[in-house]
Amino acid sequence: MNLFNKPTLSTDERDIIDSITQNGAGRKKGEERLFNRYAYFIKEAIYKHSLSEEDAFDLYSDTIISAIEKIASGSFEGRSSLKTWLYSIFHNKYVDLLRKKTTNKNSIHHTLSISDLLLQVSDQSKTIVQKLVDKTDWEILRERLVQVGESCRQMLLLWADGYSDRDIAGLMEYKTSDVVKTSRLRCLEKLKQLYRKT
Amino acid sequence: MDNNLEYIDAYFQRMLEPEEIRRFEQKLAEDPEFAEEVAFYLAAKQGLKAEAEKEKKERFKQLLSQQAPVINIDRERNTKRIWMYRVSAAAAIVVCLLFAWYFFFSSSASPQQMADKYINDNFKDLGITMSARLDSIQTGLRLYNDGQYDSSLKMFETISQRDPKDYLPKKYAGIVCLRLGNYEKALQYFRAFENDDTLYSNPSLFYQAVTLLKRNQSGDKQQAKELLQRVVKGDLDGKESAEQWLKKL
């Protein structure tokens, strides 16, 4: 019998995963439970890898954020325990951090990573769109996001965090996902107009 | 409201029909203003995502501050040091014993070890060529070599959907799935070009065998053995390794 092929998730782990996958009101709770459950990784990173408290926290919270994204999109299949899987992400991020530190790229010229959505665009236009995206003034965009109003801001942040229009409708108490879609696009348009005014 | 945003949103939410996708991509290539709109949509989503993550980090920071102090470095380091010496000594003994066992008693590697070795030797980094035609493939390979397996898989899947007849994105998607431990999906991708007789050298059967040996579920070894026999018989890609493995299986 191969023990490694047995389901390895505990009830508690399964519960955390379910609350994140459902993407509804329970997701936030699930995210917090996930963060709290393995927060001792931070301590380990300080002792084992001699990281500063700040670096260790960043490393761990980036791990959790990345894990949440994967769980919410269904990429985590539960073939290993949640801890083993999280630790492999944590370790990969630690290696990335070391690489960044040795090549001196760490946060001096902070740019946002390539959007997965851009991968969808055909080769013919990818370079030109990427160049246009690179021209974005992120600071101004952030400032304008405050100006779109709290409701719009909240809706756009949920959308960017991977919530569907249906999930947003449930969370923000809109009647239907179609209403959310119209409002979301209106908010995006407002953000665009504000951004272009600069 | 600007209809372009709705159109762009539909494209990125994969709501358009193939013909509409083609028209969208044509418009994107030919209309600079439309390209600006698309770039804004992507930039906004990217920026918003970063903002959402920042807020999440703040929330995590608060959670951490509510927990008991994470560290008490001075006291715990001394205790840890003593334990480290003990554990290191024990580990050294265990390693020596394992080496002794390996050299004196173990004459052959397990099927999983053989697959692991093959995967580490051949799939750790994938070669990037300088062909301009295969730009998306190159991007996928770069992402893979940078360890961004999920993005790399998305890339290969998108290319494969766009050009279902091309075996290359399927081969790479299968390799990414294999690295990710998603063996069922890896097998699906490798099987998808099993009967592609346009290929001078087709590694489908051999890769399926590697995946089965790595997965090592009940019946996998036998199935892998049959595949390897077909590789040898058909003089296919991976024949040399297949011959060696068959002696050990």
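Predicted model: local features only at pLDDT ≥ 70, side-chain atom pairs only at ≥ 80, totals over all residues.
Let's start with chain B. Its secondary structure consists of twelve helices and zero strands. Of the 249 residues in chain B, 30% are buried. If we take the contacts in this chain between residues at least 6 apart in sequence, 43% join residues at least 24 apart.

Now, where do the two chains come together? One place is where helix α6 of chain A, residues 123-134, packs on α3(B). The angle there is about 60°, and the axes are 9 Å apart. Angles from 65 to 115 degrees would count as roughly perpendicular, so α6(A) and α3(B) are oblique to each other. The crossing is right-handed. On the chain A side, the contact includes A:Ile128, A:Val129 and A:Leu132, and α3(B) brings residues including B:Val38, B:Ala39 and B:Leu42.

B:Leu42 leads us to the largest nonpolar core, which has 64 residues. B:Leu42 is among the residues with the most contacts inside this core, along with A:Leu191, B:Ala44, B:Val176 and B:Ala209. Which helix gives the largest share of this core? That is helix α3 of chain B, residues 32-66, with eight residues.

Let's zoom in on B:Ala44. Setting aside neighbours within four places in sequence, B:Ala44 touches A:Leu141, A:Leu188 and A:Leu191, in the sense of being in contact.

Finally, there is a second, separate core of 26 residues, and A:Ile20, A:Phe41, A:Leu82 and B:Phe60 are among them.

Conventions. Residues numbered from 1 in each chain as written. Chains lettered and ligands numbered in written order. Core = buried A, V, L, I, M, F, W, Y, C linked by C-beta atoms within 7 Å. Buried ≥ 20, exposed ≤ 12 C-beta atoms within 10 Å, placed from the backbone. Helix = DSSP H or I, 4+ residues; strand = E, 2+ residues; numbered from the N terminus. Contact = placed C-beta atoms within 7 Å. Axes fitted to C-alpha atoms, helices over the stretch in contact; angles between N-to-C directions. Parallel < 35°, antiparallel > 145°, perpendicular 65-115°, else oblique. Left-handed = near helix turned anticlockwise from the far one by under 90°.
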